[in-house]
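Please open the model in a viewer in which selections can be made by chain and residue number.

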Amino acid sequence: MQKFKARTSPTKTVAVNPLNSQIINILGFSSIAIGTSMALFSANTNAAEAFEACPTEAFIVQTPSGIPKTFGVELGTGSYTVLSPDMGLKKSLNGVGFSYLDNYLYGWDYEHGTVGKVGEDYQVEPMTINKDTAAASAGNFYVGDVAINENVWYGYRKGKGLFTVPLDGNDHPMSIVPGSKNNATYNVTDFAFHPTNGFLYAVTNGSTGSLIKIDPSSGASETIGTVITKANGSFTFGAQFFDPDGNLYLSNNGDGNVYKVNVESDDPEAELFSYGPSSTSNDGARCALAEVPVGDSVDFGDAPDSYGTLIDSNGARHGIIAGMSLGILVDNESDGYPAPLSDDASDGIDDDDGISMPTGFEVGESAMLIVTTQGDAAFLNGWVDWNQNGEFDTDEKVIAGRSVSAGVTTISIDVPNWAKTGKTWSRFRLSSVADLLPNGGVSDGEVEDYPLTVTETGVTISYYPSSSEYTTLAYEDLYPNQGDFDMNDVVMQLRISQFSKNDMVRRVAFDAQLVAMGAAYHNGFAVQLPEIGRGNVQESAIDWSMQGVKQTTSPLEENQTNAVLVFSEDLWQHATPGNGCLYFRTEPGCGTQYRATWQMTVPFIDSVHVDDMPEFPYDPFIFATPDTDHGLAAKNITDGKNPGRKLEIHLKNKAPTDLFDTRFLGMHDDALAASQGQYFQDENGMSWAIEVPDSWQHPAENQRVDNAYIEFIEFAADATGETKPYWYLTAADSLIFKD
Amino acid sequence: MNTLITGKTQDNEQVTLENSMGFKGMKLGSIALALMLTQLTACGGGGGDDSSPAPAAATPVATTPTTTTTPTTPATPTTPETPMDPETPEEPAPAPTSIDDLVVDADFDLQAAFNLAISVGLDSTQRGYFSLCDQYEQNGAQITVNFESCLLRGALNEGSLVEDLLVANHQQNLVAVVWFYDGSNPLYQMWFYDMEAEEQTLTIN
């Protein structure tokens, strides 16, 4: 007896000839995948072995041209394999169900007019059954399934009734369920037993599909409600099966689309789950107690999950096949990782390389996209969330089933007049399936999600240090005493965007992230805009979020002459030291990929001329968190109380805000020279904070900056700034912090 | 994180940082040229004002932990305590070797960035979009720009755009792109930091 062995082939490999129900997709370690060119199934007609365990894929038996074939379908992506091109029958096998109790498939054998038993060789073994009178005149069955709590096959035929065939032992009487003939009024092409509650469920066919619940002890049905409607044409759900959570999956014959509906929800509704194999003659079986896995070679997007990114949100996902991708790179994920925690950032491989945006996106104008693809017979679909509602709506489809040849394609899209300005998300999907929704699984291709910025016409955006980089602000927090110069008591990264038209700046935006905190004191972080009056900020229109969560409070600080934006009163609320660590990302072994992030857009009431804007990076500073201890030196200056807002630490020569207590000036190491515009420096001109215009690798705990970066001294010693200008790129490897 | 190809600095103990965009910017050609220029100007002559923004000093300063009172070699280009008088080389004061003996000019804000003045004036009525970006690849005549790594983006106003930018020191090599909407080929212009120039400019006519 030939056994099928699980193929341990590497992921993302091959195969072949695309299209229709003969596609082969090697799905990695979990599935049993045999190609048509390697017919390893047995011709032995002795009792076949049962399937190994409750398998995760769905079995679909199709009879495209008279002879039934078995497909294994990974419901997650709709990828399918031919499990057997031949089942040893000359007519179809229908009403198929998987027996959880004995691990065989059972279905109605049309050739022999009886129940057939199928083992892992996929060959049908007709069983000897004894039909009662009603069964004998019932004819053939295409609706059937095996119960979960008893090893019995149930078959249904409209107008005839519900019939049972016990599968254990040697006696297999086929009997009608008493009273079921009168209840046999519903019109379905398959049904399935719920994993736990003992009932059968089905969705009827037609232009609307209704979910019905059937009592196997009487055949009586109860209509729960309409779960799906088709605009054109009608559904024929030839294959229906469950997962352990009570989700019923429906495969539509005409197009192979797989829908998913939770039968126990108060208002069940079917949604398109994936694109699977299509055929006019479908029947399906599945071990209902097996989870629907994601699979090993699946590509997900990374837009925020409101757009449908995670598997639980039916996120966009593609089975990875070599030779079809956006750009060159594609990598698999076990689930979607919405930005900013995308694997594109954390694993060093950014596979979002298929779409390039050489122009901006201006409201009411056209914009260009450069699309690079691999693969023949591929179609591109794209969406942009123009109205920024967190979803890809139907009217936001910018590219619809466009056929693209392998290589580079330049596409012009229109930015609608109703598009909102600001940052939003876009999604692009490449596949051999032409018409795709923004979510759901498909068996090939790739999805890539990109953030983009929409502006009004004629707006120029300048970025510091660039649209993808950050400048690093590193602070010592023992002011007015100098500290240990490891420059990592607080390390923030900042990116500034300035939006102007005809040299008049109308708004600025910040992207910030917390990189390290090597200090026990609690510090807050804020940015002052010197020379920009607080009154010139349209406070109600400030748009900001922390970790992607929109904030409703105003960050514009009160009692300030200038505009001061407070990102956080206490940065320790946004970070936790690692296990066994005192601080956040300064001690060896205390690393993490996690970063607390902030995004903030600050609009002005009256535009400010570029020449009147403060120079980048404006004036970012830290301050002592109110009501927390910040050392005795500070307390002694502020009347024996915790200093709170009165203590600020700015970059060298940036003046403090109105809330700073000027009694700090000249105290301890502070070399008072405010009259000359000199602030926050000691008598040797050294500061408490430095700015490094790069994603700087900060010194590890207690490692002085001049040891970790030996060129710093020479740079600092030359006031022209022309000596060792890249000092911040050359580190002593053992003295900097590493995750 | 930004990747800097190791060709830019010659010191040991280099750190190469992964660029999270996965985009490789191979700009060794321009850096090699910059290094050559450096070798010519860094050797000989005292005085602090003679130093160019070189990637590496020709004669590394000795970094012994204990400061000595004997003068260091006159070839050292960084001696901020000496008066700016190249004609009469004096005994330069000992160069600082750590923060402990470092004195920073009170007005020096330690910022490692420079100004770049951009001026685009195309004699063109067609609509064009300008981008100044940091990362790009050049394979012969084919240029691929990473439009997610830009410092400036904006539509041209009747063919022109004027802007002043603050650029990080290590962004020595940028590409300016003008993209048209009518299918015409885009216009590219590379920009390299000019060590000789008083001010950095980028002009497109």
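**Conventions**

This is a predicted model, in which local features need pLDDT of at least 70 and side-chain atom pairs count only at pLDDT 80 or more, while totals for chains, interfaces and linings use all residues. Residues are numbered from 1 along each chain as its sequence is written, chains are lettered from A and ligands numbered from 1 in the order in which they are written, and side-chain values use heavy atoms, with hydrogens and water left out.

**Stop 1: confidence**

Colour by pLDDT, the predictor's confidence in each residue from 0 to 100. The model scores ipTM 0.78 and pTM 0.75. For chain B the mean pLDDT is 69, and 55% of its residues reach 70 or more. Select residues 1–85 of chain B: pLDDT stays under 50 there, and the model has 130 contacts (heavy atoms within 4.5 Å) beyond four places in sequence for this segment. Where pLDDT is low, the predicted coordinates should not be read in detail.

**Stop 2: chain B as a whole**

Switch to a cartoon of chain B, which contains 1 helix and 9 strands; helices (H or I, at least four residues) and strands (E, at least two) are DSSP runs, numbered from the N terminus. Along the sequence the pattern is α-β-β-β-β-β-β-β-β-β. Of the 205 residues in chain B, 45% are buried; buried means under 20% relative accessible area, exposed over 50% and partly exposed in between (1.4 Å probe, protein chains only).

Next select G121(B), which is found in strand β1 of chain B and is partly exposed at a relative accessible area of 35%. Leaving aside neighbours within four places in sequence, G121(B) is in contact with G159(B), S160(B), I204(B) and N205(B).

**Stop 3: the interface**

Select the residues of each chain that touch the other: 67 residues from chain B and 74 residues from chain A. The buried area, that is, the accessible area (1.4 Å probe) that two parts lose on being put together, summed over both, is about 6,200 Å², with carbon and sulfur atoms giving 53%. In chain B, I99(B), F108(B) and L110(B) lose the most area to chain A, together 11% of what that side buries.

How many salt bridges are counted between chain B and chain A? The count is 3, a salt bridge being a side-chain nitrogen of Lys or Arg within 4 Å of a carboxyl oxygen of Asp or Glu. Display D100(B) and R704(A), which form a salt bridge with the closest N and O atoms 3.3 Å apart. On the side of chain B that touches chain A, at least two residues each come from β1 (113–121), β2 (128–133), β5 (150–155), β6 (160–168) and β7 (173–180).

**Stop 4: nonpolar cores**

A nonpolar core is a set of buried Ala, Val, Leu, Ile, Met, Phe, Trp, Tyr and Cys residues joined through side-chain atoms within 4.5 Å. Select F510(A), L529(A) and W598(A), which touch the most other members of the largest core, a set of 55 residues. A second, separate core of 33 residues includes F485(A), F712(A), A112(B) and A168(B).

**Stop 5: backbone features of chain A**

Centre on P480(A), in the loop between β35 (471–475) and β36 (490–501); the peptide bond from Y479(A) to P480(A) is cis, with omega near 5°. Then move to P617(A), in the loop between β42 (597–609) and β43 (619–624). The bond from F616(A) to P617(A) is also cis, with omega near 0°.

Two asparagines follow. N314(A) has a positive phi of about 55° although it is not a glycine, and is buried at 2% relative accessibility. N502(A) has phi near 50°, but is exposed, with a relative accessible area of 57%.

**Stop 6: salt bridges within chain A**

Over all chains the count comes to 20 salt bridges. Select E456(A) and R507(A), whose side chains meet at 3.0 Å, N to O. E456(A) is in the loop between β33 (446–455) and β34 (460–464), R507(A) is in strand β37, and the two are 51 residues apart. R507(A) is buried at 12% relative accessibility, whereas E456(A) is partly exposed at 22%.

Finally, show D435(A) and K397(A), a salt bridge with the closest N and O atoms 3.4 Å apart. D435(A) is exposed at 58% relative accessible area, and K397(A) is partly exposed at 27%.
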